[in-house]
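Let's take a walk through this model together, starting with its aromatic rings and ending with its domains.

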Amino acid sequence: MDKPATNQSPQKPLTVAAARKLVIDSVAPVSGWESVAIRSALGRVLVRDVIAPFDVPAHDNSAMDGYAVRSSDLVSAEESRLMVVGTALAGSAFSGVVGAGQAVRVMTGAVLPRGADMVVVQEIVRAEGDAIAIPAGQKVGQNVRRAGEDLAKGRPALFAGKRLGAAELGLLASLGCAEVPVRRRLRVAFFSTGDELASIGRPLAPGEVYDSNRYTLHAALTKLGVELLDMGVIRDEPMALEQAFREAATQADVVLTTGGVSVGEADYVKAMMAKLGEVTFWKIDIKPGRPMAFGRIGSAWLCGLPGNPVAVMVAFYQIVVDALLKLMGVDPLPARPTFLVPCAEAIRKSPGRREFPRGCLTAEAGAWIVRLAGNQGSGVLRSMSEANCFIVLPEERGSVAPGDLVEIQPFDGLL
Ligand code: AMP
Ligand code: MG
């Protein structure tokens, strides 16, 4: 077989925003769903609204330990005296009705006894035998949690497109839902390319480096909760690459590769994607990581990420991750907040590309500042490990002087 040409017609690089939008707009949620037990639903995405089958809470109930009383019995300007006629505990209601001049002792979570419309906290009440004295200044409805104030019967408790986290699983349990309908898992195949790559577990030969990208992607994809198809290391060899792409594209919804996507002698990824399918773009005005190919083979989406380990992570987080979430059915996509903070040191930059140096956001003397996280080389993974945020330097921006405000994007919100 002929080796595919590596130098394709020049294409103007896309801005990060344009590339991101193009990838997100291209994809649509995968079809298919399953019903899973809520304990297994962490990270999964709801495929239908979940409707509350009853009010939560189901009854008006006390928000405090104290006494349930009738507001009409309280004299607003003076102390009021009432007779205690019973007790209501959480899970054990008072069966009678609170009559005029009466009060019922209630614990937090107890159903509000009939007749009562407010709760007076025990700390301010003076007990005198079977009677209590309540100070002036109480308000109608105080310390009562209303039926349905959390969720109203018949209304959506959660909407389709919601990715289920700890709060959602608890909420589903509060509705008595044992199982939820979730979209089928996204299938993502990934492999590394490069003749210099060794898999961990054997010694390095001269000139070799260990394949780290596959482990980074394995971790990032595992966190997303997708189904993984790890295809190992593929040599810089057109036949091997073609076979890997064909196999990956038939088995997965998305194929991620790293390396071999620039215009070096042994960079066949983009050309192979073009031969087997189509390439939508392959250059982005981003640093680190200018080369990144996006396209498809058959029904599978392809992302040819750069080879340098930091560039892989930057491209993954800035361009790919939200498209994966969209494919998983997440809607709306999560906000990606950024904040302006002073930069403690100078950063050299020429206008042109959008740059993502790695930063350490720290509180110093009560105010947040950001510093560069060590060596910023695109192969230096340590800068990703030591950092807790990206510093986002837009296209038009020049160098940063110490004290200048810069935009930072915390890593925490990224996955
Ligand atoms: P490439 O884009 O294939 O020319 O790779 C760019 C740089 O990233 C080279 O120094 C490669 O050795 C390095 N690289 C590529 N793939 C990996 C990988 N899977 N793990 C670690 N380094 C890699
Ligand atoms: Mg390579």
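To how many aromatic pairs does the count come? The count comes to seven, where rings of Phe, Tyr and Trp (its six-membered ring) pair if their centres lie within 6.5 Å, with planes under 30 degrees apart called stacked, over 60 edge-to-face and the rest tilted. This is a predicted model, in which local features need pLDDT of at least 70, side-chain atom pairs count only at pLDDT 80 or more, and totals for chains, interfaces and linings use all residues. Residues are numbered from 1 along each chain as its sequence is written, and side-chain values use heavy atoms, leaving out hydrogens and water.

One of the pairs joins phenylalanine 356 and phenylalanine 390 edge-to-face, 5.9 Å centre to centre with 75° between the planes. Phenylalanine 356 lies in the loop between strand E23 (354-355) and strand E24 (358-364), and phenylalanine 390 in strand E26 (residues 389-392), so the pair ties together parts that are 34 residues apart in sequence; strands here are DSSP runs of at least two residues, numbered from the N terminus.

Phenylalanine 390 also pairs edge-to-face with phenylalanine 411, at 4.9 Å centre to centre and 75° between the planes. Phenylalanine 390 is buried, with a relative accessible area of 0%, and phenylalanine 411 is buried at 18% (buried means under 20%, exposed over 50%, partly exposed in between, using a 1.4 Å probe and protein chains only). Ring pairs link Phe316, Tyr317, Phe356, Phe390 and Phe411 into a cluster.

Finally, step back to the domains, whose bounds come from an automatic or database domain assignment: the centres of domain 2 (37-54 + 159-183) and domain 3 (61-145) are 37 Å apart, taken over C-alpha atoms.

Note on methods
Chains lettered and ligands numbered in written order. Helix = DSSP H or I, 4+ residues; strand = E, 2+ residues; numbered from the N terminus.
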